[in-house]
Amino acid sequence: MDTLNATVALLKEITESEVFGEVNASLDSLGDNDAVDAAVAASEGIARLEAVRFRALGRLSRYRGGASSVVQEAALALSVVDTHAGALVSAAEALTTRLPRTLGLLDQGKVGGYGAMKVATATAWLSDEDARAVDAVLEDRIPDRNSEQIRKAANHAAMMADRDGASRRVERHRAGRRLSVRQGETGVASIEVQDGPVEKVAAAYTRIDREARALRAGGETRTLDQLRADVALDLLLSGQGGKSERSEVFLYMDLNIYLGMNDDPAEMAGHGHIPASLARHIAGGSNTVLRRIITDPLSGQVLDLGRDRYRPTAGLDEFVRVRDRECRRPGCHRVAQACDLDHALPWQFGGHTADTELVDLCRRDHRLKDEPGWNYRLGSDGTLTITTPTGQSYDSMPPPLHEPRDEEPSAF
């Protein structure tokens, strides 16, 4: 414990030193070259600190025996999304065991953390012996290279180390194809087919591009980029360009927003806040179904869906999903429709099937809840407190549908 405290104290002393303030204050007087030199020096320092972070995460993973929950704990502690936390932990495990020379380059500030992660990814499929051989080859090839150069160099070296394995790797990658959604800035998102067969991806792009160009030649005023995006989405939704299909999303907006009496942001489950104008456009669609929700004026939390009778089992399910909107673990944004309803207090230990004890958790976080050392507690005000195996606590509560009000609001 004394060693741990000393290490943490030293890191804080370094990062919180007054020297940082003095450096920042002097930057305004730097010329062009000096500014670049300062940026390079800062990047080298960041790389060294990233080496410290990788060693710490590698140590945590070894201490836990490689438990999958290490990723979720890292995501919470470092305030990063789960996919990035997983990549960090995976890279940490590789760098601290199979790739010591690449880790050494981080210590010297000659390779950044992102580049080191590219090496870890490129060598993940190799045996320990082959990975160390590639690590040795790359020691002189990747210093001061950008991440794309490092990726290419690492992939080439890995394929050269195990050519038969490279063929098997291609098969595994193609078998691992998946669809992902990435939420962007307000009102936009991206959808991506990851690790799709290259020939199909190329053929799909060719078809989309061809239809987009045909529309453009026919007098469309949209740009080619806009047309490609619109054609791709139309094809996904209906199987043919130009025709859309009904889909379900949860959109939360105040009656005053809907009526155009104010322009406060609305919220779309899984995405976040969107402008009032976009919310009204979506709500005004021909296939839109509006649902009246009753909220607590003092907290803005959902009380009911406006039914006049007791909620049956199906209604309780719907109520909790509408209330929670997303998975209740902090940082997870899987929409409630795709989550499991779970008892905060396990049923076998006295939990009840009631809206005061049920929460939405995605399948991964549902399983995480049952792992040793993880504790979930639902307070009387709806706050879910998650305690990790290291004793760190994180609170989760659905954001209110509106700001607290002094007067009874209109229902919508």
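User: Buried means under 20% relative accessible area, exposed over 50%, and partly exposed in between (1.4 Å probe, protein chains only). How does arginine 53 count?
Analyst: This is a predicted model, in which local features need pLDDT of at least 70, side-chain atom pairs count only at pLDDT 80 or more, and totals for chains, interfaces and linings use all residues. Residues are numbered from 1 along each chain as its sequence is written, and side-chain values use heavy atoms, with hydrogens and water left out. Arginine 53 has 30% relative accessibility, so arginine 53 counts as partly exposed.

User: Which residue forms a salt bridge with arginine 53?
Analyst: A salt bridge needs a side-chain nitrogen of Lys or Arg within 4 Å of a carboxyl oxygen of Asp or Glu. For arginine 53, the closest N and O atoms of the pair are 3.9 Å apart. The partner is glutamate 50.

User: Where do arginine 53 and glutamate 50 lie?
Analyst: Helices (H or I, at least four residues) and strands (E, at least two) are DSSP runs, numbered from the N terminus. The two residues are 3 residues apart, about one turn of the helix. Both lie in residues 32-63, helix α3.

User: How many residues apart are arginine 55 and aspartate 107?
Analyst: Arginine 55 and aspartate 107 form a salt bridge, with the closest N and O atoms 2.7 Å apart. The pair links distant parts of the chain: arginine 55 sits in helix α3, aspartate 107 in helix α6 (residues 100-107). Arginine 55 is partly exposed at 37%, and aspartate 107 is partly exposed at 31%. The separation is 52 residues.

User: What angle do α3 and α6 make?
Analyst: Axes are lines fitted to C-alpha atoms, for helices over the stretch in contact, and angles run from 0 to 180 degrees between N-to-C directions. Under 35 degrees counts as roughly parallel, over 145 as roughly antiparallel, 65 to 115 as roughly perpendicular and the rest as oblique. α3 and α6 are therefore oblique to each other. Their axes are 7 Å apart, and the angle is about 135°.

User: How many charged residues are in the contact of α3 with α6?
Analyst: Contact means heavy atoms within 4.5 Å. Ala, Val, Leu, Ile, Met, Phe, Trp, Tyr, Cys and Pro count as nonpolar, Asp, Glu, Lys and Arg as charged, and the others, Gly among them, as polar. From α3 come Ala47, Arg48, Glu50, Ala51, Phe54 and Arg55, which meet Leu103, Leu106 and Asp107 in α6. The contact has 5 nonpolar residues and no polar ones, and the charged number 4.

User: Is α3 roughly perpendicular or roughly parallel to α5?
Analyst: The axes of α3 and α5 come within 8 Å and cross at roughly 90°. That makes the relation of α3 to α5 roughly perpendicular.

User: How many of the 10 residues of helix α7 are buried?
Analyst: Helix α7 spans residues 113-122. The buried ones are Gly113, Gly115, Ala116, Met117, Val119, Ala120 and Ala122. They pack against α3, α5 (82-95), α6, α8 (128-138), α9 (147-161) and α10 (163-175). Helix α7 is largely enclosed by the rest of the structure, because the number buried is 7.

User: Which residue forms a salt bridge with aspartate 195?
Analyst: The closest N and O atoms of this pair are 3.0 Å apart. Aspartate 195 is partly exposed, at 36%. The partner is arginine 178.

User: How many salt bridges does a search of the whole structure find?
Analyst: Asp82, Arg329, Arg364 and Asp365 are linked in a network of salt bridges. Over the whole structure, the search finds 22.
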